Amino acid sequence: MPYIKTSQTNQLLLTLLDTKSQKCGLRCTVFSVDGNEYTGEWLDNKKHGKGTQVWQKSGAIYNGEWKFGKRDGYGTLSVLLPETKEYARKYCGGWKNGKKHGYGMLFYKNSAVYEGEWSEGHRGGWGRMYYDGGDIYEGEWMKDKAHGQGIIRFANGNWYEGAWRDGKKNGIGKFYYSDKGQIYEGFWVAGVAKCGTLSDFGRNEAPTPTKYPIPQIQLVDMQLVLSEAKSAYTERTNSKFPLHDTLTGQE
């Protein structure tokens with residue numbers, strides 16, 4: 001009996017000590033065994049609220065909101081530049097469950113910048129991408145690729161507006177050749193123009209127009225031609241990947 005009583009007492013003491021040792025509320029800097037450090041708020045022994053995390057190995061710093069041990073809310077991630085030994089912003093914006101989520105801006109190693117919506121760590125939704133070479137894409141994204149409706153303006157002045165799929169022009173779109181004063185309207189598949197019309201557009205203002213203007217096309221029904229081209233492509237695609245009969249198990 002005395003042994004049992006002593007054991008119960010020790011267990012109560014251990015539980016009390018464990019409860020008192022748990023981090024809760026605002027704490028000073030807490031150092032991990034791997035050299036990482038965190039300064040900020042806690043809840044039930046987890047980072048929760050506002051705080052700053054420093055990763056020893058990479059030198060990265062996150063300053064913002066936390067929820068049950070993960071980055072969640074608004075925060076800024078900065079990285080240490082090895083050349084200058086100075087910190088530079090990498091991402092600032094929304095987070096959810098430790099991943100970029102919501103609206104935010106990402107700064108790449110070069111001068112490229114993305115600003116827009118994120119979904120589970122990927123560019124997803126509406127966003128604008130400033131590429132290193134000067135091109136600018138504005139439109140819809142899905143899993144880090146242009147997907148949906150969007151416009152890309154090239155550094156040379158040309159631009160495309162229309163449908164995208166998996167980062168490539170796909171569907172109905174228009175390509176403006178501002179240097180030549182021409183416009184291509186048609187149907188695209190995986191970045192390749194399949195069927196459409198080329199006509200003059202702003203030829204008088206173009207810096208390097210073609211020698212002769214494009215003659216007018218006398219099609220009775222241009223939309224019908226485009227529809228037939230789309231149908232032909234769809235049929236060829238379906239023939240390559242036939243639907244599977246789930247009842248008989250035959251194609």
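Predicted model: local features only at pLDDT ≥ 70, side-chain atom pairs only at ≥ 80, totals over all residues.
View 1. K174 forms a salt bridge with E185, and the closest N and O atoms of the two side chains are 4.0 Å apart.

**View 2. E115, R128 and E138 are linked in a network of salt bridges**. The side chains of E115 and R128 meet in a salt bridge with an N to O distance of 2.9 Å. Because E115 lies in strand β8 (residues 113-119) and R128 in strand β9 (residues 122-130), this pair ties together parts that are 13 residues apart in sequence. R128 also meets the side chain of E138 in a salt bridge, here with an N to O distance of 3.2 Å. E138 lies in strand β10 (residues 136-142) while R128 lies in strand β9, so this second pair connects parts that are ten residues apart in sequence. The two glutamates fall into separate accessibility classes, since E115 counts as buried at 14% relative accessibility, whereas E138 counts as partly exposed at 33%. A search of the whole structure finds four salt bridges, among them the pair of E115 with R128 and the pair of R128 with E138.

**View 3. Strands β5 and β6 form an antiparallel hairpin**. Strand β5 (residues 70-81) and strand β6 (residues 86-96) pair in the antiparallel sense over nine bridges. Within this pairing, G73 has W95 of β6 as its bridge partner. Four residues stand between the strands of the hairpin, where K85 takes a positive phi near 60°.

**View 4. Strand β6 also pairs with strand β7**. Five bridges join β6 to strand β7 (residues 99-107), and the two strands run antiparallel. Y91 stands opposite L106, a residue of β7. The hairpin of β6 and β7 has two residues between its strands, and in this hairpin N97 takes a positive phi near 55°.

Note on methods
Residues numbered from 1 in each chain as written. Heavy atoms only, no water. Pairing = 2+ DSSP bridges. Buried < 20%, exposed > 50% of the residue type's maximum accessible area, 1.4 Å probe, protein only.
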